[in-house]
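I opened this notebook to keep a record of what I looked up in the structure, entry by entry. The sequence and the model come first, and my notes follow.

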Amino acid sequence: MYQVARKLFFTDCQCADDASKVYEDLFAKLDTNKDGKVDVSELKAGLAAMGIKTRKGVAQKIISSGDQDKDDGLDFNEFSKYLKEHEKKLRLTFKSLDKNNDGRVDSTEIKQSLADLGMDISKEDAQKILHSIDVDGTMTLDWNEWRDHFLFNPATNLQEIMRYWKHSTVLDIGDSLSIPDEFTEEEKTTGMWWKQLSAGAMAGAVSRTGTAPLDRMKVFMQVHSSKTNKISLVGGFKQMVKEGGVASLWRGNGINVLKIAPETAIKFMAYEQFKKLLSSEPGKVKTHERFMAGSLAGASAQTAIYPMEVMKTRLTLRKTGQYSGMFDCAKQILRKEGLKAFYKGYVPNLMGIIPYAGIDLAVYESLKNLWLSRYAKDTANPGILVLLGCGTLSSTCGQLTSYPLALIRTRMQAQASLEGSEQLPMNLMVKKILQKEGFFGLYRGILPNFMKVIPAVSISYVVYENMRDSLGIQK
């Protein structure tokens, strides 16, 4: 990919004077209008002319990083300073990858480096990543190949490849049972983690608000739909609008959005602690350990915020005038049913975490490895559509597996507020549903649930990307 640049600008050995000459030649080639500075359009056109492929937004990032006088372009001093600083970072990263200090990086060292970042890949996948950077076909990387590949890429380390495939919880489809996001040590020390969590929380809030009518319909069908009382999607919406107006379609959304912040914070903190407790080697977390830590973190967060889950169900199903707001709902539940009512449906909810997180992670890893084995020829970056597709499909499979438990949980949360409803424990409720409605009775409301997946993911992604830009998070 970077052979042209390498032949034009680099030799295997160059002193400081040679480097300056190289930078001068490169600057002259890029500064096409000869105004003494290189702007975004010149950089993009120049790199393309040299056969250097860059991702969207890379040229802008390079100019922004080096533009000290903020004139939307780089003069020669800024240009050479940026390249020198960038090369230093690349050199440090290359040395950290070169575990045996032989001046070359092989697939085993790439595999080990990714494992240190919490990402387990096969030897074949490591070879494919290596092949995408290897110019001379030796299946090892020397310093020149590494530098040439990343010279015009803001990435300075292998964490970029990790970020491509990090299973991000930004894809908010309304459930909070997935394994928490993984952050590198650099992101933790620079404080980037809280910005990413904030961006994710905002994306979740907007996404949940946008798909709230479908979520309310799902809960409505889970609780009220049966063989004798069939509720269609259109009929259900008509019934809701007739009973409480268009605004009633967003009932329960306030608390659903409100619980994102405490749940995200608790899950993140618990996940970090459980990873330390469960890891067999300090600083290295294997896939199964990550899964266990994630499941336990999810259980901890759900335990802490579960009363809000119960209130969300009650507020979603409420009739006009039943509650004046969240606090009134909490007071009425406490007065009429006692403290234990806030944990109704807790057991099936907890049981749902393992199949959801397990299937979600397994499907995502399988899809990721499938893509890497078939298509990772020139780049380890799959592109946003592939990432969104993998994340959406894996989360949907996780939901499908744990859906019966989610339905049981919702019915147990709601049953005390329904007139003439029996207060059944989990096992008897499952038995009753299977007897009266058959196996598919456990999947009531699955249609609106699936209908909200694609809009939820799309809204999450768009808001997340805009929030990242606003908070200054480097892509």
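**Entry 1**

I began with Asp215, which counts as buried at 10% relative accessibility, where buried means under 20% relative accessible area, exposed over 50% and partly exposed in between, with a 1.4 Å probe and protein chains only. Before going on I noted that this is a predicted model, in which local features need pLDDT of at least 70 and side-chain atom pairs count only at pLDDT 80 or more, while totals for chains, interfaces and linings use all residues. I also noted that residues are numbered from 1 along each chain as its sequence is written, and that side-chain values use heavy atoms, with hydrogens and water left out.

I then looked for salt bridges, each being a side-chain nitrogen of Lys or Arg within 4 Å of a carboxyl oxygen of Asp or Glu, and the search of the whole structure gave eleven. In one of them Asp215 is joined to Lys312, with 2.8 Å between the closest N and O atoms. Asp215 belongs to helix H12 (residues 212-224) and Lys312 to helix H16 (residues 287-317), so this pair ties together parts that are 97 residues apart in sequence. For helices I used DSSP runs (H or I, at least four residues), numbered from the N terminus. Lys312 is buried too, at 9% relative accessibility.

Asp215 also meets the side chain of Lys452 in a salt bridge, at 3.6 Å from N to O. Here the pair links distant parts of the chain, 237 residues apart, since Lys452 sits in the loop between helix H21 (446-451) and helix H22 (453-471), and Asp215 in helix H12. I found Lys452 to be buried, with a relative accessible area of 2%.

Which helix holds both Glu272 and Lys275? I found both in helix H15 (residues 260-278), three residues apart, about one turn of the helix. Elsewhere, salt bridges that share partners join Asp215, Lys218, Lys312 and Lys452 into one network.

**Entry 1: aromatic pairs**

Next I looked at rings of Phe, Tyr and Trp (its six-membered ring), which pair if their centres lie within 6.5 Å, with planes under 30 degrees apart counted as stacked, over 60 as edge-to-face and the rest as tilted. The count came to eight aromatic pairs. In one, the rings of Phe27 and Phe76 have centres 5.7 Å apart and planes at 75°, so I recorded the pair as edge-to-face. This pair links distant parts of the chain, 49 residues apart, with Phe27 in helix H2 (residues 16-30) and Phe76 in helix H5 (residues 76-97). Phe27 is buried at 9% relative accessible area, whereas Phe76 is partly exposed at 25% relative accessibility.

Tyr306 and Tyr346 form another edge-to-face pair, at 5.6 Å centre to centre and 80° between the planes. Tyr306 lies in helix H16 and Tyr346 in helix H18 (residues 346-375), so the pair ties together parts 40 residues apart in sequence. Tyr306 and Tyr346 are both buried. I also listed one aromatic cluster, formed by Tyr403, Phe439, Phe440 and Tyr443.

**Entry 2: nonpolar cores**

I then turned to nonpolar cores, which are sets of buried Ala, Val, Leu, Ile, Met, Phe, Trp, Tyr and Cys residues joined through side-chain atoms within 4.5 Å. The largest has 18 residues, of which Leu30, Leu43, Phe79 and Leu83 touch the most other members. H2, helix H3 (40-49), helix H4 (58-66) and H5 each supply at least two residues of this core, and the largest share, five residues, comes from H2. Apart from this core lies another, of 14 residues, among them Val105, Ile110, Leu130 and Trp146.

**Entry 3: cysteines**

How many disulfides does a search of the whole structure find? The search found zero, taking a disulfide as a pair of cysteine sulfur atoms within 2.5 Å. I noted that Cys390 is buried at 7% relative accessibility, while Cys397 is partly exposed, with a relative accessible area of 27%.
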